[in-house]
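User: Could you walk me through this one? I'd like to start with the terms and then go on to the details.

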Amino acid sequence: MFDQILCIDDDPIALMLCKKVITKAEFSKEIMTAQNGEEALLYFNSLKYNTKPTDLNDKKPRLIFLDLNMPVMGGWEFLDHFSTSNYSDFNTTNIIILSSTIDPEDLEKAKNYPMILDFLSKPITLQMLEYIKNKMSI
Amino acid sequence: MKNKTNQITLIYFVISLFLAIICHKYLLNNISNTQYYYFSFIKDLVFIILTGLLFRYILSKNDARNITVFEKLKKSNDEIKESNEKYNIVAKATSDTIWDWKIQEDNITWNKGIESVFGYKPEEVGDSSRWWFDKIHPEDSIRMSVKLYSFIEQKTEKWQDQYRFRCADATYKYVLHRSFLLKDENGRATRMIGAIQDITKQKEEEQRLKLLETVITQSRDSILITEADSHDGKIPQIVYVNPSFSKMSGYQSEEIVGKSPNIFKGPKSDSSELRKLIKAIKNKEECSIETISYTKNKEEYWVRYSMIPIFNSENEVSHWISIQRDTTEEKKLEKEKEHLIRELTQNNKDLKQFSYITSHNLRSPLSNLTGLLNLIEDIPIENEELKEILNGFNKSTHLLNETINDLVKVIIIKDNPSIQKEEVLLNEVFENVFNQLNFQIELHKPIIKLNFEKVTVLNINKAYLESILLNLLTNSIKYRSKDRKLKITISANQTEDSIILTFKDNGIGIDLERNRDKVFGLYQRFHNYPDSKGLGLYLVKSQVETMGGTISIDSEVDKGTSFTLIFKNK
């Protein structure tokens with residue numbers, strides 16, 4: 001069980017679903033949410049400046065569920081910022097793309113980001129979480 | 001002759017002497033006066049001798065004159081004979097047919113040419129001028145008669161003409177006719193000598209050349225002929241341009257002959273193309289270029305331009321022939337086409353993007369619905385009616401999800417023309433497919449015969465092949481006949497360059513006479529089954545074709561259906 005994970009999605013129902021499924025699966029103790037990439041970056045900024053470096057390791061989310069298609073700042077833009085040195089403290093965070101996209105280009109793009117653990121199709125399910133658990137423990 | 005003169009003189013002497021002696025004797029006997037006998041006799045003698053000498057002189061003088069006249073005559077006779085002989089030899093040697101027309105008597109004679117050239121036997125040849133005139137082609141005869149009379153009336157000096165002359169076999173030959181007149185001392189035409197030369201061959205050749213020439217003069221393409229050698233790195237000088245060229249370039253023939261085609265060059269001309277041309281001319285090689293040229297009025301036009309070297313019998317370039325075509329219109333069309341293609345590609349891209357966004361926007365709420373329904377599954381529901389409603393809600397959502405997933409597949413297949421292929425084991429693929437259909441296979445227990453001995457490995461996209469076989473198998477099971485046990489035969493065969501997969505069942509079949517065009521269409525359904533969406537075969541065809549294969553169907557109602565899939569081997 002993770003201590004904390006972050007779900008980034010603009011769709012409140014999707015976020016609600018995430019919370020419910022994750023809670024049900026006892027996948028994580030704490031579930032943070034952000035409505036778009038910018039909000040997520042702000043969250044990481046506040047984590048970085050308001051937390052003592054020694055505590056940071058415990059406080060930072062271990063896994064991010066990231067939607068691609070969002071207003072203000074989409075998934076790809078978020079990833080571009082998140083992989084810069086500004087966020088080097090968090091570069092061990094795993095990211096799972098959770099999207100409804102079917103554009104093959106998105107799948108290709110995902111290969112360019114080493115921090116992306118997997119590219120999964122909505123909706124989030126118990127089986128999916130089981131699969132991720134297995135994949136990350138290896 | 002001299003002797004004859006002497007002879008006559010001698011005879012004269014003898015007779016006159018004899019007469020003188022007779023007279024003298026007679027006088028002696030009958031006249032007594034003898035005093036003058038001798039005197040008279042001597043006088044007679046003297047007279048005889050004198051007249052005899054005179055006679056002889058006159059005679060010999062006459063003779064001499066006769067001899068010169070005779071000799072002259074003989075000489076001219078010889079000359080005539082010789083010239084006659086010459087005439088005969090020439091008449092024989094020449095290919096011309098010669099005739100001689102005595103105008104007053106209207107008598108015309110022909111040499112042998114009339115037989116050897118025109119085929120008339122001597123007995124067929126008429127002896128009047130009318131016979132000759134009748135043989136002239138009707139279209140030429142009026143012109144010829146006008147000319148003939150003006151010639152006889154000596155209004156024209158020489159007469160040389162061409163007309164068609166009929167042969168014995170009723171064909172016509174082109175002849176060149178030359179004739180001259182003989183006149184009497186009053187200057188009246190008495191004879192006309194003519195020579196007719198068969199020029200059919202030349203005429204035919206001339207007409208052939210004329211015909212060939214029309215290719216140049218009438219051609220829509222511009223044709224230029226230039227000299228062999230170039231000066232100062234220019235294109236060789238022009239010696240001929242055809243009318244089309246004048247029309248295209250605006251230059252008249254006389255303005256341009258003797259100049260180099262370099263004058264068509266202008267600021268927008270492609271100088272690398274021109275260099276290519278000059279190089280080819282140097283190497284005496286054929287060459288074709290395309291560039292912008294300029295007319296006399298400095299208007300630009302696109303021209304496709306070829307230069308072909310013409311070699312003479314010594315294998316040296318004698319001329320260059322250049323064929324040019326105004327391609328401005330073509331270029332314009334090409335540009336329009338390019339523009340259109342660009343626009344279409346952009347439109348297509350936009351549409352694709354649109355379909356991705358639409359499908360994303362459809363899928364997002366749908367995935368929420370599915371997720372929420374998954375959560376409901378674990379919540380016990382007491383209310384039976386609510387349970388029923390939720391059940392229907394669940395079914396519809398799943399059906400909607402399936403449809404959208406199928407559509408998404410179609411979109412992605414259409415977008416991915418070059419998909420990755422790999423070596424696939426047929427048996428392995430079938431195992432996967434059967435596993436996915438395990439439940440249905442267990443339920444209906446069809447007889448499935450696989451025949452993959454000839455082909456075991458296919459170079460193909462594995463996911464597509466699986467999807468294709470899954471669809472076909474599902475169809476076979478779904479549309480099985482209720483009257484007999486389902487039997488499916490799948491076999492693979494190999495030809496020289498392709499692999500053929502046949503998929504055959506004994507199901508209810510499709511009425512192909514009514515539906516042949518629609519079988520592989522999108523949203524085409526042929527049986528009223530609740531879970532048929534009309535997508536399967538469309539998807540199958542799309543996938544087969546994306547991998548460069550073809551699919552065809554053969555089916556009979558209530559007998560079964562068979563599909564033939566052909567994939568290229570390489």
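Analyst: Two strands pair if DSSP finds at least two bridges between them, and helices (H or I, at least four residues) and strands (E, at least two) are DSSP runs, numbered from the N terminus. This is a predicted model, in which local features need pLDDT of at least 70 and side-chain atom pairs count only at pLDDT 80 or more, whereas totals for chains, interfaces and linings use all residues. Residues are numbered from 1 along each chain as its sequence is written, with chains lettered from A and ligands numbered from 1 in the order in which they are written.

User: OK, which residue is the bridge partner of B:Thr489 in strand 15 of chain B?

Analyst: That partner is B:Lys504. Strand 14 (residues 487-494) and strand 15 (residues 498-505) of chain B run antiparallel and are joined by 7 bridges.

User: And what order do the strands of that open sheet in chain B have?

Analyst: The order is 12-14-15-17-16, an open sheet of 5 strands with mixed pairing. Strand 12 (447-451) and strand 16 (550-556) of chain B are the edge strands, each pairing on one side only. On average, neighbouring strands of this sheet are turned by 10 degrees against each other, direction ignored (the axes are lines fitted to C-alpha atoms, for helices over the stretch in contact, and angles run from 0 to 180 degrees between N-to-C directions).

User: Where is B:Pro446, then?

Analyst: B:Pro446 sits in the loop between helix 13 (438-444) and strand 12 of chain B. In sequence B:Pro446 and B:Leu486 are 40 residues apart, yet their C-alpha atoms are 4.8 Å apart in space. Beyond its neighbours within four places in sequence, B:Pro446 is in contact (C-beta atoms, placed from the backbone, within 7 Å) with B:Ile441, B:Ile477, B:Leu486, B:Lys487 and B:Ile488.

User: Why is B:Pro446 classed as partly exposed?

Analyst: Because B:Pro446 has 19 other C-beta atoms within 10 Å; a residue is buried with 20 or more, exposed with 12 or fewer, and partly exposed in between, with C-beta atoms placed from the backbone.

User: How many residues of helix 16 in chain B are buried?

Analyst: In helix 16 (residues 536-546), 8 of the 11 residues are buried, including B:Leu537, B:Leu539 and B:Val540. Just after this helix, B:Gly548 takes a positive phi of about 80 degrees.

User: Switching topic, how many residues of chain A are in contact with chain B?

Analyst: There are 16 residues of chain A in contact with 17 residues of chain B, and helix 1 (residues 12-25) gives the most to the chain A side, with 5 residues.

Definitions and conventions. Two residues are in contact if their C-beta atoms, placed from the backbone, lie within 7 Å.
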